Number of protein chains: 4
Amino acid sequence: MIAGPCSVESDEQTIATARAVKAAGATALRGGAFKPRTSPYSFQGLKEEGLKILAAAREETGLAVVTEVVAESDVALVARYADVLQIGARNMQNYRLLEAVGAEGKPVLLKRGPSATLDELLLAAEYVLNAGNPQVMLCERGIRTFESHTRYTLPLATVPWLHERTHLPVVVDPSHGTGHTNLVPRMAAAAIAADADGLIVEVHPDPETALSDGYQSLTFAQFAELVQLCQRVAEAVGRKIRANETAMTL
Amino acid sequence: MIAGPCSVESDEQTIATARAVKAAGATALRGGAFKPRTSPYSFQGLKEEGLKILAAAREETGLAVVTEVVAESDVALVARYADVLQIGARNMQNYRLLEAVGAEGKPVLLKRGPSATLDELLLAAEYVLNAGNPQVMLCERGIRTFESHTRYTLPLATVPWLHERTHLPVVVDPSHGTGHTNLVPRMAAAAIAADADGLIVEVHPDPETALSDGYQSLTFAQFAELVQLCQRVAEAVGRKIRANETAMTL
Amino acid sequence: MIAGPCSVESDEQTIATARAVKAAGATALRGGAFKPRTSPYSFQGLKEEGLKILAAAREETGLAVVTEVVAESDVALVARYADVLQIGARNMQNYRLLEAVGAEGKPVLLKRGPSATLDELLLAAEYVLNAGNPQVMLCERGIRTFESHTRYTLPLATVPWLHERTHLPVVVDPSHGTGHTNLVPRMAAAAIAADADGLIVEVHPDPETALSDGYQSLTFAQFAELVQLCQRVAEAVGRKIRANETAMTL
Amino acid sequence: MIAGPCSVESDEQTIATARAVKAAGATALRGGAFKPRTSPYSFQGLKEEGLKILAAAREETGLAVVTEVVAESDVALVARYADVLQIGARNMQNYRLLEAVGAEGKPVLLKRGPSATLDELLLAAEYVLNAGNPQVMLCERGIRTFESHTRYTLPLATVPWLHERTHLPVVVDPSHGTGHTNLVPRMAAAAIAADADGLIVEVHPDPETALSDGYQSLTFAQFAELVQLCQRVAEAVGRKIRANETAMTL
């Protein structure tokens with residue numbers, strides 16, 4: 001269970017979120033320091049300062065840090081602070097970056113591109129594996145379809161389909177996958193029922209003032225409820241949430 | 001929980017399936033007598049003979065009968081035998097047919113068209129409601145996207161989205177929604193976790209010899225397991241499977 | 001070249017449009033009398049009165065009349081007035097309707113459903129052909145994709161692809177295919193360059209007051225320019241606009 | 001008119017193609033030296049050796065060289081040999097790479113990602129413009145949809161839509177946009193009719209033995225015919241092929 005803000009905005013925001021998601025049961029903290037943004041005029045992240053904030057939050061809470069790396073030339077820097085290197089959906093086929101995180105050696109969370117087929121996702125993972133790094137988690141975060149009532153369409157059949165074909169763990173992102181706070185908890189529960197190995201969820205102390213993705217972020221209380229719902233579903237389908245174990249091996 | 005074969009093929013096939021799904025916990029029997037088929041040269045269904053077989057299966061098992069009606073001129077005939085009139089995905093915007101089943105008065109199961117928006121689905125339901133028939137169940141059965149590893153893409157966020165906007169029950173069809181037997185149980189469980197009010201599942205005594213949709217049909221044993229999995233998930237998310245209640249009110 | 005209003009709204013509107021499109025070079029008049037509308041509360045067409053208006057416009061101008069039929073039970077009525085029976089995109093897989101227009105015998109304009117594959121379109125045509133009616137025109141009118149700057153996405157590769165596989169004429173509808181008046185002329189020209197056999201274009205005396213589809217309708221002057229542009233492109237690619245010939249054989 | 005092989009495979013293949021496309025009327029030569037490939041086990045391009053071959057072909061024919069750059073760290077190297085830096089569809093939102101080619105200063109050909117909206121394309125261009133480089137050409141190369149009879153769906157309404165919103169030239173790639181040799185010429189002609197400012201077309205001396213994309217490459221003779229067809233259409237719609245002018249200003 002990975003949770004945290006879309007962007008690292010400040011010391012206070014990050015540490016407060018880390019404490020809250022830890023208390024609710026999360027095992028890893030997400031947060032963007034290098035933000036790939038559709039517009040060059042949007043907030044681009046705090047960069048190294050953001051990484052330091054994340055590392056301080058780990059120090060205090062013991063949560064593993066998951067954060068995105070957007071360029072080959074940043075890999076070493078990000079790897080100094082992060083426990084898991086995230087490859088965002090826009091960079092799923094940035095093969096040089098995949099090779100660089102493959103060579104680095106830390107666990108990688110590889111997000112599916114919004115129009116990538118699952119074969120393309122598996123071959124993107126192969127770029128990391130082929131560089132000598134076996135620790136790849138695949139992440140379904142929604143695809144582009146004609147539907148506009150959700151930000152993306154979240155196709156959960158991805159989870160059992162991938163489980164039949166690869167031993168790599170499959171994480172689901174119901175925040176980007178729906179784009180609406182009120183749809184996140186149910187789709188998180190559905191992902192667990194579909195046999196997801198983990199979840200990555202956006203949480204913010206005050207979603208309405210978030211610098212990015214506020215409309216799909218949960219409050220602390222909403223996240224705590226989501227965790228309880230997911231734990232009950234995980235038990236019903238006969239498993240513990242495997243993300244815990246993954247996180248424990250970091 | 002609605003289950004049964006894609007097509008009614010024979011007396012034996014139908015009654016055997018009815019007994020098996022009843023024993024496993026289903027409350028309604030599905031089965032196509034009038035089959036809309038992509039090709040005019042495919043098996044088109046047993047028509048009235050199929051309806052009689054369904055009615056006989058109801059007689060014996062007490063299951064409600066859900067079956068598709070494909071033309072305005074067949075509504076009266078189908079309504080004589082069926083408890084629920086199904087409008088298939090191809091006919092979601094066949095407005096004359098919607099008005100006719102609206103006027104008839106029996107409960108209607110309205111399937112979403114593969115490229116229909118949810119607004120279009122709600123407005124299609126409005127054609128039935130506006131004809132004076134309030135008993136409409138909406139059914140998510142998957143949409144057309146670029147994904148080809150599944151027959152359709154099954155977007156479960158439909159379920160909580162519709163629950164926020166309408167009191168009409170929402171049923172999910174994981175058989176058409178995935179198109180692969182081995183993906184059906186997990187997506188059925190996910191649908192329940194997403195708060196679906198019911199499921200409609202294809203079951204066949206011998207899927208490999210089915211005249212249609214064998215690749216997405218469950219055996220009796222697979223269906224029995226699916227029901228148990230779904231019951232555990234339903235309890236975990238704090239509800240009974242509401243389809244039972246719907247069926248009981250028929 | 002088929003042109004005319006989305007809906008027949010009145011005598012004056014229809015006859016004025018018929019005169020204008022005839023003068024500009026059209027050979028057939030389109031206009032909806034039975035309108036399938038997404039909402040039951042939208043204008044549903046003038047029905048038989050609309051058919052009479054269309055027939056009167058043919059009387060005066062000599063244009064062939066192309067109009068939609070939405071139900072099996074209307075086929076005989078519509079066929080009394082129309083020269084070409086249009087099957088709309090929503091009804092592409094309304095097989096009973098296809099069989100009925102197949103049995104009737106008049107030329108059929110079969111529109112592609114917004115998520116139909118071309119195989120499904122060809123098999124839908126097969127329902128008409130198989131009923132004994134060889135006069136089927138296929139119509140590309142755009143598909144549902146993630147693109148939202150146009151109403152639909154108009155995939156013109158449909159045209160040469162179909163020409164390789166069938167002798168049936170292929171008509172393109174740039175009005176629905178784009179949903180914006182200002183994109184229609186260029187996409188009409190592109191359709192001709194892609195080897196379309198005909199075009200069907202929405203034209204209205206005063207698009208801003210149209211009861212339906214005004215945002216994608218051309219004024220008379222815009223349509224006259226479109227015809228000239230298309231004629232120059234048709235010559236450049238070495239052909240006359242075949243729709244003329246089709247119309248002549250009606 | 002930009003033409004050439006998908007990949008630079010050898011000296012002979014490249015120079016032969018350059019001579020042929022020059023003779024047929026092309027003004028620029030395309031060819032990949034750094035190839036982003038879906039699988040890490042596919043041919044990855046000749047890299048700097050490929051760039052040298054392209055430069056030699058320019059030397060002899062006078063054609064401008066258009067070639068892809070896939071990583072920030074390669075920009076300076078590729079810019080030493082190329083006249084136009086191509087950003088491939090996979091890298092449309094690789095913002096560091098966009099900033100790097102923006103800072104470099106050479107003209108940029110920016111391909112639309114297969115699920116990018118046009119707003120996202122314009123904002124990606126903004127990353128280049130914002131870095132101080134005004135010479136950006138936008139390229140429509142097809143989007144991912146449910147259609148599988150073509151490799152991508154080529155939505156030509158992109159062209160007039162972009163012309164209304166930006167002064168940046170719009171180039172169309174009918175090779176990737178269709179994925180089938182036999183559909184390329186008609187879609188090239190349609191693109192010109194839709195008001196495209198240029199075309200980029202894959203040409204190979206012997207498509208059947210090409211190391212990549214042979215199924216969508218034209219022979220020299222097919223390309224020569226395509227150019228003539230496009231020139232006639234360009235005249236019909238009242239313009240010269242503007243790509244010539246763009247190329248002349250390089």
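The following legends describe close-up views of a predicted model.

**View 1. Extent of the interface between chain A and chain B.**
In the contact between these two chains, 38 residues of chain A meet 38 residues of chain B. The area buried between chain A and chain B amounts to about 2800 Å², and carbon and sulfur atoms give 68% of that area. Within chain A, the residues A:F146, A:H149 and A:R186 supply 23% of the area that this chain buries against chain B, more than any other three residues.

**View 2**
The interface of chain A and chain B holds 4 salt bridges. One of these joins A:R186 to B:D195, with the closest N and O atoms 3.8 Å apart. A:R186 is also among the three residues that together supply 23% of the area that chain A buries against chain B. Between chain A and chain B, 8 residue pairs are in polar contact, with both residues of each pair at pLDDT 80 or more. On the side of chain A that touches chain B, the elements giving two or more residues are α6 (158-165), α8 (184-193) and α9 (220-236) of chain A. The largest share of that side, 6 residues, belongs to α8(A). Sorted by class, the residues on the side of chain A that touches chain B are 22 nonpolar, 9 polar and 7 charged.

**View 2. Rotation axis relating chain A and chain B.**
Chain A is superposed on chain B by a rotation of 180° with 0.0 Å of shift along its axis, giving an RMSD of 0.0 Å. Among the residues of chain A, A:A190 comes closest to this rotation axis, its C-alpha lying at 2.1 Å. Because 100% of the interface residues of chain A are also interface residues in chain B, the copies meet through the same surface.

**View 3. Extent of the interface between chain D and chain C.**
Chain D and chain C each bring 38 residues to their contact. The area buried between chain D and chain C is about 2800 Å², with 67% of it given by carbon and sulfur atoms. In chain D, the residues that lose the most area to chain C are D:F146, D:H149 and D:R186, which together account for 23% of what that side buries.

**View 4. Salt bridges and polar contacts between chain D and chain C.**
Across the interface of chain D and chain C there are 4 salt bridges. Among them is the pairing of the side chains of C:R186 and D:D195, at 3.7 Å from N to O. The polar contacts across the interface of chain D and chain C comprise 8 residue pairs, both members being at pLDDT 80 or more. On the side of chain D that touches chain C, at least two residues come from each of α6 (158-165), α8 (184-193) and α9 (220-236) of chain D. The largest share of that side is the 6 residues from α8(D). The side of chain D that touches chain C is made up of 22 nonpolar, 9 polar and 7 charged residues.

D:N94 is located in the loop between β4 (84-87) and α4 (95-104) of chain D. Its relative accessible area of 6% is under the 20% limit, and D:N94 is therefore buried. Leaving aside residues up to four places away in sequence, D:N94 touches A:N91 and A:N94 as well as D:V70.

**View 5. Surroundings of D:V66.**
D:V66 belongs to strand β3 (residues 64-68) of chain D. With a relative accessibility of 2%, D:V66 counts as buried. Apart from residues up to four places away in sequence, D:V66 touches D:I2, D:A28, D:L29, D:R30, D:G31, D:V84, D:Q86 and D:L109. The C-alpha atom of D:V66 is separated by 15 Å from that of D:G45, the two residues being 21 residues apart along the chain.

Key
Residues are numbered from 1 along each chain as its sequence is written. Chains are lettered from A and ligands numbered from 1 in the order in which they are written. This is a predicted model: local features need pLDDT of at least 70, side-chain atom pairs count only at pLDDT 80 or more; totals for chains, interfaces and linings use all residues. Side-chain values use heavy atoms; hydrogens and water are left out. Contact means heavy atoms within 4.5 Å. Buried area is the accessible area (1.4 Å probe) that two parts lose on being put together, summed over both. A polar contact is a pair of N or O atoms within 3.5 Å; within protein, one must be able to donate a hydrogen and the other to accept it, and residues adjacent in sequence count only if both atoms are side-chain atoms. Helices (H or I, at least four residues) and strands (E, at least two) are DSSP runs, numbered from the N terminus. Ala, Val, Leu, Ile, Met, Phe, Trp, Tyr, Cys and Pro count as nonpolar, Asp, Glu, Lys and Arg as charged, and the others, Gly among them, as polar. Buried means under 20% relative accessible area, exposed over 50%, partly exposed in between (1.4 Å probe, protein chains only). Copies are superposed by least squares on the C-alpha atoms of residues with pLDDT of at least 70 in both.
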